[in-house]
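Reader: I'm new to this one and would like to learn how to read it. Could you walk me through it?

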Amino acid sequence: MKLYPTIGLEIHAELLTQSKVFCTCSAQFGGEPNSRCCPVCSGLPGTLPVLNAKAVEYIIKAGYIMNCDISRFTKWDRKNYFYPDLPKAYQISQMPRPVCLGGYVDIESEGETKRMRINRIHLEEDAGKLVHQNRVSLADYNRCGIPLIEIVTEPDFHSAQDVTAFFEKIRLMLQYAGVCDGRLEQGSMRCDVNISLAEKGSDTLGTRTEVKNLNSLKAIQRAVEYEIYRQTELIENGERVIQETLHFNDATGETSSLRSKEDAHDYRYFPDPDIPPIIFTEEELEQIRADIPEMPQQRYDRYVGEYGISPTDASVIINNKAISDLFDNAVKAYNAPKPTASFITVELMRRINLGEANAEELPFAAKELARLIELAETGKISKDNRKVILREMLSSGKAPDDVAEELQLWIKEDNALIEKTVDEILAANPTPVEQYRSGQTKVFGFLMGQCNKALKGSASPAAIKQMLEKKLNS
Amino acid sequence: MELINASLKTLRTMLDNKEISARELAKEYYDRIKKYDPELESYITVTDEQALSDADEAQKRIDEKNAAPLTGIPLAIKDNICTDGIRTTCASRMLENFVPPYNATVIEKLKGQNYVLLGKTSMDEFAMGGSTQTAAFSKTKNPYDITRVPGGSSGGSACAVGAKLAPAALGSDTGGSIRQPASFCGVTGLKPTYGRVSRYGLIAFASSLDQIGPIANSAEDCGILLNAIAGADAHDATSSPAPVEDYTALIGQDIKGLKIALPAEFYSDSTDDEVKSTVLSAAKEYERLGAELVQCNMSSLKYAVAAYYLISGAEAASNLSRFDGIKYGLRGEGKSFDEMIRDSRSKGFGAEVKRRILLGNYALSSGYYDAYYRKALALKQLIIKEYNDIFDKADVILTPTAPTAAYKIGEQESDPVKMYLADICTVTVNIASLPAISLPCGYNADGMPIGMSLVGKRFGEAVLIQTADAYQRGFKYEPNKYTGA
């Protein structure tokens, strides 16, 4: 019996609006507990929600980038349940008439392109946060009323890789659209995963479980893998999978039950009488669609097609919106896409991957990076010294010219110094010199490197090369 | 006695001509409240300190000859309309100590005119009821007979106006809660078109039906109050952008040729004979004034009460879920969150509120939604259509406001179905989002006032006020023991 997983996702993404979805409180992350709430979002009696038009614009953009149909008529419903982080005891959400219906996103997974279908995307409000201390629970309503979109997929996923590739792709798309900041560490995107197993080719699906609230790629992957393993074990041992909602424990890497099907809520959905339905005109929708910025795929095509950047470098750059923005702005300031791209993908990304810098919070502006590239391209500094200056820029935030000045990294073209250095290197390396002179010219590179190192970038490679050739051939 | 019988227009002239100061006027009403309200219990909270300082503020404006229509005019406000810093209880144990940190939009508007807040008036708990006897405290009496109910849910406001413990008041109407108590207490009450007045700050009962409106001594006074509180509000997405008119503008204009419809179903056997004949003689009076009576039918009326209780119950169940005792209101005890809110809600709500919550949750439950809630929404469409058909042939509709006059306290409370059926004359107006005004048209053998209702087209308040005023000019009011000599 070969068991085959079928997986569907519900992804919650917080929208990047300035204010909350039904009041004017700040929608920023964090803040002193309960400092960003008002009578409306804390649900005081008599208050009424008023829909934030920006949130509606953002969900429409999200719908368009995921190839959805945008409903011309949309409305809001109340989802009723008691929980202390939900001050009205109902969440304003959308049931029968969501803003976006249908749609798909193509992903690369397991070496092939797969089309994952979207069932719907709707707009709702986030709940508050509970903090449990000793035997007391404290409620923080700052997050209450932050606009959320819920992206519901079809059950088109069959592996952890499918899921993480999709999640990463839409995270990137939402970031590029300016709709969600995608900051997983701040809970900007959370994923619920529905998983069932059945024999491959079977037309009925197995009993599904739902793992709630996964908020990192790693957690998503581990939870999916664990759940597939756990259900496989159960079925192979002749036991039954119970339909239930699960929690994934990051520490143990295992899932545990939150509630079973029997405890499922009856949410008693009904149309929210406080929020009139919206009817969109074609003009309004067209205007919003026209306002969608360049998506990652378009940038990739531009980098490869217009700039001639390698597909690998282009992928690395577009896979991080902050980096891609940095690249675009740097190229705007100094038009040298290829060296800029390779410097970013090799040097800057190395620093970032080593944890020495954060792509979202670089201490310098794109035009300073552009200046650094320009200094090397115009022969003012050596290419090697770009690294040195970059590290200094990352640690101190200083401008590249200042760093070059301070560390004396300017190319001086001091012929006497070059000659002296070349002489010293040749004297110190008699064997390679012999080899060169007997026709093994490939040692030239080694001797170049030694001179370059000794001159610490104060001479241009061309000048060194000229001097070295002159001395070796004399 | 001259003062307490004065219209708002007369009070305005007296204040502007310095025949009386705003403080003296407020004090006059406080003296009366002190004297009579212990018996009538129309107020839950009396705000004398605050009111006298409000009055002094108003006086400054009057002295500067900068008075707005309601500057210095004392008003009573139903206790489900939020007042910043003044407790707002909904006559419920749940909110007995709730002090809102904000004003309802209507209060902001009145404050903008420097009105004087006399106090907060009693009501049925969370506006659920037609007798003001479901109030957890201040169970108001009828000023014409204190053994009878004042109607409800705005019974406190209607009684206060009827006993002249306020020159005018605000109430709220979800299924007749302004009109029916106005009719029981012999005063005039206007339920505006849904969306005409902002609901922001009105503690919600049924959001798609609730509307704030005036209760006063005359249609004209209602118009003056509506002028002050009407209009679109950025805080209420259901408020209408329709332009605000001067709702008193048509007063005094001839009603000759006005078509008044009498839907037969409102005059059936379930309506008390005395009520029926009194309303019909008022119809004759309209004919005498030049109006034309049109006979018509409203076959959906028999389903209206059921539809109303399903829609209002469903919305109420959801609206009242927020009362869990966590951030404000009565807080129960318990070892867990569930136990604690169960205890809060068990202790905080009275029997009628619990009944409506159960009814509403039942109607929305999975498996019952289609049978109840969805059907009620279909009936709503049918009722709207029937009203539209009638308005194709008529300008206003005339009905009794309630099937009976005020009944004895304790007479109906034990039979919820009978109590609910008594709403038959008023609920369709809320379901169809229409404006309606109730005004006294006679007194029964027990001396209790009988009210009739004029129902108008959407945003047709000015015509209703004109039509009601035309009748009131010739109407002879009977005093009660608080207003008589």
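Author: In chain A, the axes of helix α2 (residues 160-176) and helix α3 (residues 217-236) come within 9 Å and cross at roughly 155°. This is a predicted model, in which local features need pLDDT of at least 70, side-chain atom pairs count only at pLDDT 80 or more, and totals for chains, interfaces and linings use all residues. Residues are numbered from 1 along each chain as its sequence is written, while chains are lettered from A and ligands numbered from 1 in the order in which they are written.

Reader: How do I read the axes and the helix names?

Author: Axes are lines fitted to C-alpha atoms, for helices over the stretch in contact, and angles run from 0 to 180 degrees between N-to-C directions. Helices (H or I, at least four residues) and strands (E, at least two) are DSSP runs, numbered from the N terminus.

Reader: Then how are α2(A) and α3(A) oriented to each other?

Author: Angles under 35 degrees count as roughly parallel, over 145 as roughly antiparallel, 65 to 115 as roughly perpendicular and the rest as oblique. So α2(A) and α3(A) are roughly antiparallel to each other.

Reader: Which residues of α2(A) and α3(A) meet?

Author: Contact here is judged from C-beta atoms, placed from the backbone, that lie within 7 Å. On the α2(A) side you'll find Ala160(A), Val163(A), Thr164(A), Phe167(A) and Glu168(A); they meet Leu217(A), Ile220(A), Gln221(A), Val224(A) and Glu225(A) of α3(A). By class, that contact has six nonpolar, two polar and two charged residues. For the classes, Ala, Val, Leu, Ile, Met, Phe, Trp, Tyr, Cys and Pro count as nonpolar, Asp, Glu, Lys and Arg as charged, and the others, Gly among them, as polar.

Reader: What about α12(A) and α14(A)?

Author: Helix α12 (residues 415-428) and helix α14 (residues 444-455) of chain A have axes that come within 10 Å and cross at roughly 130°. That makes α12(A) oblique to α14(A), and the crossing is right-handed. Ile418(A), Thr421(A), Val422(A) and Ile425(A) of α12(A) meet α14(A) residues including Leu447(A) and Cys451(A). The contact has seven nonpolar, two polar and no charged residues.

Reader: Which domains does chain A have?

Author: Bounds like these come from an automatic or database domain assignment. Chain A gets domain 1 (3-282), domain 2 (295-406) and domain 3 (415-472). The C-alpha centres of domain 1 and domain 3 of chain A lie 63 Å apart.

Reader: How many residues of chain B are in contact with chain A?

Author: 32 residues of chain B are in contact with 24 residues of chain A. On chain B, α9 (301-319), α10 (337-348) and α11 (351-364) each give two or more residues, and α9(B) gives the most, with three. The chain B side divides into 16 nonpolar, 10 polar and six charged residues. The predictor gives the complex an ipTM of 0.95 and a pTM of 0.91.

Reader: At what angle do α9(B) and α11(B) pack?

Author: They pack at about 100°, with their axes 7 Å apart. That makes α9(B) roughly perpendicular to α11(B).

Reader: Where is the cis peptide bond?

Author: A cis peptide bond joins Gly152(B) and Ser153(B), with omega about 10°. Ser153(B) sits in the loop between β3 (116-121) and α5 (155-162) of chain B. Ala127(B) is found in the loop between β3 and α5 of chain B, and has a positive phi of about 70° although it is not a glycine.

How values were computed. Contact = placed C-beta atoms within 7 Å. Left-handed = near helix turned anticlockwise from the far one by under 90°.
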